[in-house]
Amino acid sequence: MDPFSRDGLERLKARRRAVILAHSYQTPEIQDIADLVGDSLELSRAAASIDCDTVVLCGVRFMAETAAVLSPGKVVLNPAPGAGCPLADSMDVTSLRSLQAEHPGASTVVYVNSSLEAKAASWACCTSANAAAVVSAAPSREVVFGPDRNLGTFVARSTGRKLWIFDGSCPPHDKADISDIERWKRAWPDARLLVHPETPPAAWDLADAVLGTGAMISYVRDSDARRFLIGTESGMIHRLEVLFPGREFSAVGRIGCPNMKKTSPEAVFTCLGNMEPVVRIDRSLADAARAAIERMAAIG
Ligand code: CIZ
């Protein structure tokens with residue numbers, strides 16, 4: 001195959017009737033070759049709705065799996081099959097079932113950062129963009145929620161629902177460096193501080209708003225501030241800079257996900273050329289997980 005070039009990639013995409021979808025935490029190089037950059041909710045909706053034969057999902061494994069479940073008629077390629085998610089891996093389905101057994105009357109909502117087995121055992125999954133809306137729509141007032149402890153705590157506060165929360169976390173967000181955030185607040189006193197709900201409550205207490213990445217974009221769009229401190233995975237800075245060239249952004253809290261940086265433009269090109277690695281999911285597992293994923297895509 002020819003070496004990677006933008007023209008070569010466009011030719012391959014046309015030949016494969018392919019779209020490239022990238023999460024907002026991907027590197028600038030990947031975001032710049034993508035047809036659509038977004039959060040998990042936007043990517044899964046796009047994978048299902050765009051008229052194409054092939055989807056190249058640039059993110060981490062659970063995102064490629066979610067896209068494949070929602071797009072059974074398409075080939076979903078994952079150019080970084082080694083990119084896992086420690087948060088998703090932190091809750092196996094046996095642990096989730098134990099929590100469910102302790103609270104038999106509760107509905108179960110799992111964050112999209114979870115295994116397909118956990119999704120299959122749940123009423124719905126959610127993203128940070130619609131976690132409160134999904135929990136509020138749950139048929140029982142009590143909800144078993146996992147795996148992210150911080151997001152669960154935030155959703156319990158904002159919905160007033162009783163949540164039984166699994167004790168998992170996203171290591172880069174959970175270990176956000178609070179003194180770095182404080183330092184930046186002193187350095188840019190006029191800036192708005194936006195932090196992700198996967199960060200710990202100590203970060204929320206300093207922030208102007210606690211938001212998922214999609215809501216951070218809306219916040220900046222609607223704000224008259226010129227400078228923003230962003231407490232989430234640092235890939236988000238490129239996304240914001242592309243969308244809002246007149247504003248200034250700085251990443252705070254030293255939040256970096258090594259798995260999100262495992263996709264290279266060359267790997268995207270090679271996987272489209274070879275049409276592998278294909279995301280293959282056992283049919284019965286996909287069918288079992290689909291209802292929870294479809295609820296996530298339909299709500300909020
Ligand atoms: O929902 C997502 O894509 C994640 C993991 C974070 C966010 O806020 O976008």
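**Before you look: the words used in these legends.** Helices are DSSP runs of H or I with at least four residues, strands are DSSP runs of E with at least two, and both are numbered from the N terminus. This is a predicted model, in which local features need pLDDT of at least 70 and side-chain atom pairs count only at pLDDT 80 or more, while totals for chains, interfaces and linings use all residues. Residues are numbered from 1 along each chain as its sequence is written, and side-chain values use heavy atoms, with hydrogens and water left out.

**View 1. The largest cavity is lined by S40, L43, S44, F62, M63, T66, A67 and V112.** Helices α3 and α4 each give two or more residues to this lining, and α4 gives the most, with 4 residues. A cavity is a set of points, on a 1 Å grid over the protein atoms alone, where a 1.4 Å probe fits but cannot get out; a lining residue has an atom within 4 Å of a point. The volume here is about 50 Å³, where volume is the space filled by probe spheres set on the points, and points are joined across faces, edges and corners. The lining divides into 5 nonpolar, 3 polar and no charged residues. Nonpolar covers Ala, Val, Leu, Ile, Met, Phe, Trp, Tyr, Cys and Pro, charged covers Asp, Glu, Lys and Arg, and the others, Gly among them, are polar.

**View 2. The largest pocket holds about 330 Å³ of space.** A pocket, unlike a cavity, is an open set of points with protein on both sides within 12 Å along at least five of seven lines. Of its 29 lining residues, Y25, M63, N113, E198 and M260 are the closest to the centre. Elements giving two or more residues are α3 (40-49), α4 (61-70) and α10 (171-174), and α10 gives the most, with 3 residues. By class, you will find 16 nonpolar, 10 polar and 3 charged residues in this lining.

**View 3. The second largest pocket has a volume of about 260 Å³.** Its lining has 14 residues, and A68, S71, P72, V279 and I281 lie nearest the centre. At least two residues each come from α4, β4 (75-77) and α16 (283-298), with α16 giving the most, 3 residues. The lining divides into 9 nonpolar, 1 polar and 4 charged residues.

**View 4. F154 and W204 form an edge-to-face aromatic pair.** Rings of Phe, Tyr and Trp (its six-membered ring) pair if their centres lie within 6.5 Å; planes under 30 degrees apart are stacked, over 60 edge-to-face and the rest tilted. Here the centres are 5.2 Å apart, with 75° between the planes. F154 belongs to helix α9 (residues 149-159) and W204 to helix α12 (residues 201-204), so the pair ties together parts 50 residues apart in sequence. At 23% relative accessibility F154 is partly exposed, whereas W204, at 6%, is buried. Buried means under 20% relative accessible area, exposed over 50%, and partly exposed in between, using a 1.4 Å probe and protein chains only.

**View 5. The charged end of R227 sits over the ring of W188, 4.3 Å from its centre.** This wording applies when NZ of Lys or CZ of Arg is within 6 Å of the ring centre and within 35 degrees of the ring normal. W188 is buried at 11% relative accessibility.
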